[in-house]
Amino acid sequence: MPHLLHLDSSADLTGSRSRAITAAFAKAWADRGDDHTVTYRDLHTDPLPRLSTPVLHWAPRLRAEGETAPAEDEALQQTILDELLAADVLLVGAPMYNYSLASTLKTWVDYVHVPGVTTTLDATPSQPLAGRQAVVVTSAGGSYAEGSPTEDWDHLTPVLQIILGNALGMVVTVISTELTLASRIPDLAPQIPHSEALFNAALDQATALGATIEAAKPPSV
């Protein structure tokens, strides 16, 4: 049964474009049949506590002698890891806040980027998510598109591509929308038609991808 892990992190529960786009993907996924299951986690309404100790950054075999973490914190991290490891496809709603990730999403990243568990550090291969699909939906109030004066201010998309793609080995597809604040900021008002066009294109892309994306095939034995 193909399984989707759907994460949202926007603080806007009513007008968020990242939430609308991830919802379009998730609906198209679920409409494929009852066998296309979903686990949903809202990182804003149910935020994860920050890691209580740096010990949780490491696989147990890579911890220094005597390093331990509280049992309840170990259990929570294992729950988060299990959710990710059970997913054939990962869907991440990632609005840009102050040119980077929402703090709630950054905390989730801290839980799942674990050398020796999800990413390789030493001679022991540790990339169980390699080849699986990750769909990242980004939204930004301004414009950070290639060629714009602020194109190098985007510290959101590259981070998620590095973590999910390079470190975890997932196949990352980015669906982006920009100028989400065009209707609120007078200087951006002339960009409202372009903002709406970008949003509608992202909705269409998410719907099409949710209806067609396939789980990675297991490696040949």
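1. Let's start with the second largest pocket. Its lining splits into four nonpolar, five polar and no charged residues. Bear in mind as you read on that this is a predicted model.

2. Who sits around that second largest pocket? Met-96, Asn-98, Tyr-99, Gly-141, Gly-142, Ser-143, Tyr-144, Thr-150 and Trp-153 make up the lining.

3. Now for the largest pocket, which holds about 330 Å³ of space. It has 16 lining residues, and those nearest its centre are Asp-12, Gly-15, Ser-16, Thr-180 and Leu-181. By type, the lining of the largest pocket is five nonpolar, eight polar and three charged.

4. On to the helices. Helix 1 covers residues 17-30 and helix 5 covers residues 192-212; the two pack with their axes 7 Å apart, at an angle of about 25°. Angles under 35 degrees count as roughly parallel, so that is what helix 1 and helix 5 are to each other. The crossing of helix 1 past helix 5 is right-handed.

5. If you want to look at the contact itself, helix 1 brings Arg-17, Ala-20, Ile-21, Ala-24, Phe-25, Ala-28 and Trp-29. On the helix 5 side they meet Ser-195, Glu-196, Phe-199, Ala-202, Leu-203, Ala-206, Thr-207, Leu-209, Gly-210 and Ala-211. Taken together, the residues of this contact are twelve nonpolar, three polar and two charged.

Technical notes:
Residues are numbered from 1 along each chain as its sequence is written. This is a predicted model: local features need pLDDT of at least 70, side-chain atom pairs count only at pLDDT 80 or more; totals for chains, interfaces and linings use all residues. Side-chain values use heavy atoms; hydrogens and water are left out. On a 1 Å grid over the protein atoms alone, a cavity is a set of points where a 1.4 Å probe fits but cannot get out, and a pocket is an open set with protein on both sides within 12 Å along at least five of seven lines; lining residues have an atom within 4 Å of a point. Grid points are joined across faces, edges and corners, and a volume is the space filled by probe spheres set on the points. Ala, Val, Leu, Ile, Met, Phe, Trp, Tyr, Cys and Pro count as nonpolar, Asp, Glu, Lys and Arg as charged, and the others, Gly among them, as polar. Axes are lines fitted to C-alpha atoms, for helices over the stretch in contact, and angles run from 0 to 180 degrees between N-to-C directions. Helices (H or I, at least four residues) and strands (E, at least two) are DSSP runs, numbered from the N terminus. Angles under 35 degrees count as roughly parallel, over 145 as roughly antiparallel, 65 to 115 as roughly perpendicular and the rest as oblique. A crossing is left-handed if the near helix is turned anticlockwise from the far one by less than a right angle, and right-handed if clockwise. Contact means heavy atoms within 4.5 Å.
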